Amino acid sequence: MPPKPGDKKPETKTDSRPAEPSQDDIFTYNEDAIKKLNADKPWTNNNRYFNKVKISALCAMKMLKHSLAGVKKGREGEGGTPIEIMGLLVGKPDGDSIVVMDAEPLPVEGIEYKVEASDQAQTYMLQLMEALETRGRKERFIGWYHSHPFDVDVNPMYFLSAMDVGTQTLWQNSIPAWTAIVLDPLRSLAKQEPQLGCFRVYPPTYNPPKLEGPDGNMYPDELSVGTRWGAASNRYYQLQHSYFMSSLGSNLLETMSRNNLWVRVLSSSTIMEPENRLRFSERVKKAADKLQASTSSASGRYPQYGSSRRGGGGGGASSKEATVSDRSQACTELAIEQCAGHASQISKNLLFNSIRVSHDERND
């Protein structure tokens, strides 16, 4: 019925609840918030103020692709040793998080015991910084990344060596919101997922608990924490990391996964990857040699912990037992990888060959 003259208009209810944050809000550059953060300097009162890193999925792919290119180049070279790579990260601080939007590879290469940044690399780095300002991009360089393509072991190879801690300290003193990302390309291949860690160093005046690792966990002895996190394990800490992408990218990925990704899942297998097939016998031999050495050694010194990248030291009976356990676990993981891979191949064979046989029988 039409309203009569004099009737009150019905009240319209408005939703006063704040709008939920959009998936694309992370791409907004809040210059005022960043200026306030730099003015307040909360990291001076909290040694672990920055505790999260948000990485663009595209950036993660670029870093992993760069690190795998170093593995391939090193394998094809004279020494056959994977090459370490290095690059810079583009992003911004966002509260207690560091947002990594992009990655820029640098012409820096090295091996496990030596990484050199030539004059050409330093010049290239300056040119990148100038180009970033010239293009009018608001984000700035927010960190660096490099790879540790050492080996596939029980523990991941993402950690900061003493040299890495020194490099991170120099950068962090100049740019407080600066992070280091270390990638483990060989483990990424073996596990079929990105294997990386994000780190920052403590100020020189801060000393964490003696047996606390960068991950915040307490370890039973110095050998354990040093074996996992290197000789400089008490000078840096690990940040939690996550990945993000735009709403458009998510929709495209969902469409591609729904329509096409199942083909790759069914047609590929981890054990059939060239890197895994070529290196599996080498990994088995290394794991067996390390297990034998750890069970027969009486001194308690082990090659992994004694390398220049991790530091040196000895241990008692408990440390020796822990090392034997780690080596046994490495052999177990190798067996699980192979069992899972062969089970996948057998399942595909039964599925597709059974379908083909049934089809042929019906035609006959």
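A word on bookkeeping comes before the details. Because the model is predicted, local features need pLDDT of at least 70 and side-chain atom pairs count only at pLDDT 80 or more, while totals for chains, interfaces and linings use all residues. Residues are numbered from 1 along each chain as its sequence is written, and side-chain values use heavy atoms, with hydrogens and water left out.

Helices (H or I, at least four residues) and strands (E, at least two) are DSSP runs, numbered from the N terminus. Helix 2 covers residues 57-76, 20 residues in total, and spans 29 Å from its first C-alpha to its last. That is close to the 28 Å expected at 1.5 Å a residue, where the expected span is 1.5 Å times one less than the number of residues. Burial is judged by relative accessible area: under 20% is buried, over 50% is exposed, and anything in between is partly exposed (1.4 Å probe, protein chains only). The buried residues of helix 2 are Cys59, Ala60, Met63, Leu64, His66, Ser67, Gly70, Val71 and Gly74. They sit on the same side of helix 2, because they cover an arc of only 155 degrees around the axis, the arc being that of the directions from the helix axis to the C-beta atoms. Leu58, Met61, Lys65, Lys72 and Glu76, on the other side of helix 2, are exposed.

Not counting residues up to four places away in sequence, His66 touches Ile85, Met86, Pro105, Leu106 and Tyr145. His66 is buried at a relative accessible area of 16%, and its C-alpha atom is 7.2 Å from that of Ile85, 19 residues apart along the chain. Ser56 belongs to strand 1 and is buried too, at 10% relative accessibility. With neighbours within four places in sequence left aside, the contacts of Ser56 are Val100, Met101 and Phe244.

Now for the cysteines. With a disulfide taken as a pair of cysteine sulfur atoms within 2.5 Å, the count comes to zero. Cys59 is in no disulfide, its nearest cysteine sulfur being that of Cys198, 9.7 Å away. Cys198 is likewise in no disulfide, with the sulfur of Cys59 as its nearest cysteine sulfur. Cys59 counts as buried at 0% relative accessibility, and Cys198 is buried with a relative accessible area of 0%.

The structure holds six of them, each a side-chain nitrogen of Lys or Arg within 4 Å of a carboxyl oxygen of Asp or Glu. One of them joins Arg48 and Glu212, at 3.8 Å from N to O. Arg48 lies in the loop between helix 1 (31-40) and strand 1 (52-56), and Glu212 in the loop between strand 7 (196-201) and helix 6 (222-229), so the pair ties together parts that are 164 residues apart in sequence. Arg48 is partly exposed at 27%, whereas Glu212 is buried at 16%.

Another salt bridge pairs Asp102 with Lys62 at 2.9 Å, N to O. This pair links distant parts of the chain, with Asp102 in strand 3 (residues 97-111) and Lys62 in helix 2, 40 residues apart. Asp102 is buried, with a relative accessible area of 13%, and Lys62 is partly exposed, with 31%. Glu222 and Lys210 also form a salt bridge, their closest N and O atoms being 3.3 Å apart. Glu222 is in helix 6 and Lys210 in the loop between strand 7 and helix 6, 12 residues apart. Glu222 is partly exposed at 46%, while Lys210 counts as exposed at 66%.

That leaves the nonpolar cores, sets of buried Ala, Val, Leu, Ile, Met, Phe, Trp, Tyr and Cys residues joined through side-chain atoms within 4.5 Å. The largest has 27 residues, of which Leu88, Leu106, Phe141, Leu160, Phe199, Trp229 and Tyr236 touch the most other members. At least two residues of this core come from each of strand 2 (84-94), strand 3, helix 3 (119-134), strand 5 (140-147), helix 4 (162-174), strand 6 (179-183), strand 7 and helix 6. Apart from it lies another core, of 25 residues, among them Ile85, Ile181, Cys198 and Leu239. Leaving aside neighbours within four places in sequence, the contacts of Phe199 include Tyr158, Leu160, Trp229, Tyr236 and Leu239.

Notes:
Contact means heavy atoms within 4.5 Å.
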